[in-house]
Amino acid sequence: MSGGPVLLVTGGSRGIGAAVCLAAASKGWRVAVNYASQRQAAEDVVHQITESGGSAVAIQGDVGSDEGVKAIFAAVDAAFGRLDGLVNNAGIVGPPQRVDAISSERLERMFRVNVTGAIRCAAEAVLRMSTRYGGQGGSIVNLSSVAAVLGAPGQYVDYAAAKGAIDSFTVGLAREVAAEGIRVNAVRPGIIDTDIHASGGLPDRARDMAPSIPMQRPGTAGEVADAILYLLSDKATYVTGAILNVSGGR
Ligand code: NAP
């Protein structure tokens, strides 16, 4: 698989991102597994891929800083020398708070990682993939959330607003680069069983929310990865600017 297309997954060390890395590798992508701090988790994903005959590297970098984004893409260039796909997956929540309790520091970080980071990463990807700059085209998938539509009242309206920005960005960028060989889409996961809920102080959230989900269960990271892999793939060559709910009806 040394000549396969190259995919960068931000936040590829755990949860949905890790599932995307594994699924992509099984379909012949060479994978750049970005992580923020959990190096061992990223190395484990890389190990699983290389054990199965695939190609992957772990790349540390904080998408919430310009230097971090530059370093991530420099590392992708050094490892593979090309880029064909980007999954803007890295994302954070905060503990449940009403808007009047949210600090400026939290708000700033929420948008810097979830919005600015995704936009900066997309910009770097466009520089490498757009036919306007001599690239071969490519595909970008952004991680939105059903929270963008529901608003997450009483939990994290800042997170929901950040994901709303991702929806708008997806539509706008899709049109901006549609004639340059790049497709841009998003998925809106509902409640997915990953560590993100514990990181927001609600470790049982996925299980507790199950009765309120039309399908009566949380989704798995693999189910979201399958939708992302479809959007990345040649099965979706006429799909751009789409935002796909992967939410069990939520
Ligand atoms: P997760 O299990 O908490 O994993 C988060 C991943 O993002 C980890 O790999 C983490 O790296 C990485 N990350 C966090 N901050 C980063 C930063 N500043 N720079 C680079 N990487 C960073 O999250 P998840 O549940 O898989 O969520 C993935 C995406 O789906 C997010 O955008 C989230 O908003 C969205 N989403 C999730 C759900 C859900 O219910 N799980 C629902 C809707 C949308 P480390 O391992 O190094 O910490």
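Gln216 is placed in the loop between α8 (205-209) and α9 (221-232), where helices (H or I, at least four residues) and strands (E, at least two) are DSSP runs numbered from the N terminus. The model is a predicted one, in which local features need pLDDT of at least 70 and side-chain atom pairs count only at pLDDT 80 or more, while totals for chains, interfaces and linings use all residues. Residues are numbered from 1 along each chain as its sequence is written, and side-chain values use heavy atoms, with hydrogens and water left out.

Most residues other than glycine have a negative phi. Gln216, however, has a positive phi near 70°, and Ala152, in the loop between α5 (147-150) and α6, has a positive phi near 50°. Gln216 is exposed, with a relative accessible area of 51%, whereas Ala152 is buried at 11%; here buried means under 20% relative accessible area, exposed over 50%, and partly exposed in between, with a 1.4 Å probe and protein chains only.

Thr170 belongs to helix α6 and counts as buried, with 0% relative accessibility. A polar atom of the Thr170 side chain lies 2.7 Å from the backbone oxygen of Ile166.

## The shell around the ligand

The ligand is surrounded by 33 residues, of which the closest are Ser13, Ser37, Asp62, Tyr159 and Thr194; a residue is near a molecule if one of its heavy atoms lies within 4 Å of it. By class, this shell has 13 nonpolar, 15 polar and five charged residues, where Ala, Val, Leu, Ile, Met, Phe, Trp, Tyr, Cys and Pro count as nonpolar, Asp, Glu, Lys and Arg as charged, and the others, Gly among them, as polar. At least two residues of the shell come from each of α1 (15-26), β2 (30-35), α4 (104-129), α6 (157-176) and α7 (196-199).

## Atoms close to the ligand

An N or O atom in the side chain of Thr194 is 2.4 Å from an oxygen atom of the ligand. Taken alone, the ligand exposes 910 Å², and the protein buries 95% of that, with accessible areas coming from the Shrake-Rupley method with a 1.4 Å probe.

Technical notes
Polar contact = N/O pair within 3.5 Å; in protein donor to acceptor, adjacent residues only side chain to side chain.
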